[in-house]
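Student: I have a structure open and want to go through a few residues. Can we start with the terms?
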Amino acid sequence: MIKKIVLAILLFQVTIFTAQEKSQTFTSSIEEAHKKEAFMSQKYLKYTIDITFGGKQRLKGEITQETGGGKIKIEKQDGTLIIFDGKEVYSLGIKEKDMGDARFDIFTWSYFLGLPYKLNDQGTIWSNFDKNKWGAKEFDTGKLTFKSGTGDAPDDWYIVYRNTETNMLDGAAYIVTFGKGKDKAEKEPHAIKYNKVKLVNSIPIATNWTFHMWSLKKGYEKVIGEVKLSNIKFIKEAEFIVPQKAKEVKALRN
């Protein structure tokens, strides 16, 4: 009986070690291809963003973010403002009914831009390494989930697609549980596909993202949205001062 218990423990430890080894190989190759060390050595990234979904413009303006994923600021073209000061989210000029969207915006678009550099953030869990269809090809994939209490939506998951030729992160399937819960979100998973890569300070950044319906069997399907980035630059100084009249944007509860 003792021998069986010891064997079970050893097998469990081997399984954990193998998963960790696969995770490290998968994520480090993506980080290297995206020049993570060079990206993280920069202080701030600033860019113009234009987001459309269903043929309607969702957001247009400028985003400034710390490369390490701390402070974030969205200055919309309509004059409204959203700021994450590293602890809380604040908005200025946003209507009360749109507060949920404001909190979603401040974290989502900066996260999608920084995804190749956030694969080993605190709270990340990797599993299900496989090959899956992505367009006309099959790419290496890994499933990213999160420990309880990680961020606003710890029940979100991503299936990350690594280009087998370049090791670049070509896209990811995902669910958005923010404001709706996991069960409802899993009924309509989506995918982001990164296109038109531009070198900024020798660091590759996708200037066009398309959003799609998605299934594991078929990969990305019908286009449902698009993001265009322009005026991308790394800067050394930025202000994240919360205006006196700004309102705190609290997290939604699913």
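Tutor: Contact means heavy atoms within 4.5 Å. This is a predicted model, where local features need pLDDT of at least 70, side-chain atom pairs count only at pLDDT 80 or more, and totals for chains, interfaces and linings use all residues. Residues are numbered from 1 along each chain as its sequence is written, and side-chain values use heavy atoms, with hydrogens and water left out.

Student: OK, what is Ser110 in contact with, leaving aside neighbours within four places in sequence?
Tutor: Tyr47, Gln65 and Ile72.

Student: And is Ser110 buried or exposed?
Tutor: Ser110 is buried, because its relative accessibility is 8%. Buried means under 20% relative accessible area, exposed over 50%, and partly exposed in between (1.4 Å probe, protein chains only).

Student: Which backbone oxygen does its side chain reach?
Tutor: The side chain of Ser110 reaches that of Phe107, at 3.3 Å.

Student: Switching to Thr64: buried or exposed?
Tutor: Thr64 is buried, with a relative accessible area of 3%. Not counting residues up to four places away in sequence, Thr64 touches several residues, including Leu45, Ile72 and Phe240.

Student: New topic. What is the phi of Lys196?
Tutor: Positive, about 50°, although Lys196 is not a glycine. Most residues other than glycine have a negative phi.

Student: Is Lys196 buried or exposed?
Tutor: Exposed, because the relative accessibility of Lys196 is 64%.

Student: What about the phi of Asn231?
Tutor: Asn231 is not a glycine either, and has a positive phi of about 50°. Asn231 counts as exposed, at 55% relative accessibility.

Note on methods. Polar contact = N/O pair within 3.5 Å; in protein donor to acceptor, adjacent residues only side chain to side chain.
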